[in-house]
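Below is a short briefing on one protein chain. Please read it alongside the sequence and the coordinates.

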Amino acid sequence: GDMPEFTLPPLPYPFDALEPHIDARTMEIHHDRHHGTYVTNLNNALKEYPDLQNRTIEDLLRNLNSIPEAIRTAVRNNGGGHYNHTLFWEIMRPGGPAAPSGALADAINATFGNLDNLKAAVKDAGLKRFGSGWSWLVLANGQLQVVSTPNQDTPIMEGQIPILGVDVWEHAYYLKYQWRRADYLDAWWNVVNWDEVAKRFAAAR
């Protein structure tokens, strides 16, 4: 029909681009099936609500209380899944710089002491997240902070601005790492797109 629909953004790189750290089969299933299903379910939830269809995903998630109760949970879960995964694909890339530079590096050093301490904090939050969820680096009240969220909840629901996030749902790593979430979290830093993270940091400020 004529309704504006949320769409699955294409991956910015081939499925196998993040090998060996994230395997091609995981990327294919994760992007096409998991993320694709969130988009489909979000559009289905909004079908009967034309006034909501023109709102951005950020606007929907920041103002969940304004969403009719009948679809609020569906928007929270599927809209969150769409938003979180869109960010996730964009903040990864093959062969990027191994560390941030410029203002972002300065802010990380000022807040965490150094990059290794940030990595340790993100890993810790990701390991302590029981079940499914995410570990994030966010800007909150102008300060960098590491937080974690359950399921597909997103920091923007709390008024925080995520600039980096790692998916710790089992579907994000299980084919390659099985129960070894810690190994996945260590390997994941090899595919972080620090240029994109820096861009998000600059925009957030």
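**Sheet, helices and selected residues**

Leu-137 has Val-146 in strand 2 as its bridge partner. Helices (H or I, at least four residues) and strands (E, at least two) are DSSP runs, numbered from the N terminus. The model is a predicted one, in which local features need pLDDT of at least 70 and side-chain atom pairs count only at pLDDT 80 or more, while totals for chains, interfaces and linings use all residues. Residues are numbered from 1 along each chain as its sequence is written, and side-chain values use heavy atoms, with hydrogens and water left out.

- Three strands form an open sheet in the order 2-1-3, with antiparallel pairing; two strands pair if DSSP finds at least two bridges between them.
- Strand 2 and strand 3 are the edge strands, each pairing on one side only.
- On average, neighbouring strands of this sheet are turned by 25 degrees against each other, direction ignored.
- The antiparallel pairing of strand 1 with strand 2 extends over 8 bridges, and Ser-135 stands opposite Ser-148 in strand 2.
- The hairpin of strand 1 and strand 2 has 2 residues between the strands, and Asn-141 takes a positive phi near 50 degrees there.

**Helices on the sheet**

- Helix 4 (residues 69-90) lies across strand 1 and strand 3 and runs at about 85 degrees to strand 3.
- Helix 6 packs on the sheet and touches strand 1, strand 2 and strand 3, with its direction at about 20 degrees to that of strand 2.
- Axes are lines fitted to C-alpha atoms, for helices over the stretch in contact, and angles run from 0 to 180 degrees between N-to-C directions.

**Helix 1 against helix 4**

- The axes of helix 1 (residues 24-46) and helix 4 come within 8 Å and cross at roughly 145 degrees.
- This crossing of helix 1 and helix 4 is left-handed, meaning that the near helix is turned anticlockwise from the far one by less than a right angle.
- Residues of helix 1 that meet helix 4 include Met-27, His-31, Tyr-38 and Leu-42, and those on the helix 4 side include Ile-71, Val-75, His-82 and Trp-89; contact means heavy atoms within 4.5 Å.
- By class, the contact of helix 1 with helix 4 has 11 nonpolar, 12 polar and no charged residues. Ala, Val, Leu, Ile, Met, Phe, Trp, Tyr, Cys and Pro count as nonpolar, Asp, Glu, Lys and Arg as charged, and the others, Gly among them, as polar.

**Helix 5**

- In helix 5 (residues 102-112), Leu-104, Ala-105, Ala-107, Ile-108 and Phe-112 are the buried residues. Buried means under 20% relative accessible area, exposed over 50%, and partly exposed in between (1.4 Å probe, protein chains only).
- Seen down the axis of helix 5, these buried residues fall within an arc of 165 degrees, so they line one face of the helix; the arc is that of the directions from the helix axis to the C-beta atoms.
- Asp-106 and Ala-110, on the other side of helix 5, are exposed.
- The cover over the buried residues of helix 5 includes helix 6 (115-128), strand 1 (133-140), strand 2 (143-150), strand 3 (161-167) and helix 9 (194-204).
- Gly-113, which follows helix 5, has a positive phi near 95 degrees.

- Thr-7 is found in the segment before helix 1 and is exposed, with a relative accessible area of 56%.
- Not counting residues up to four places away in sequence, Thr-7 touches Val-39 and His-82.
- Ala-203 lies in helix 9 and counts as exposed at 68% relative accessibility.
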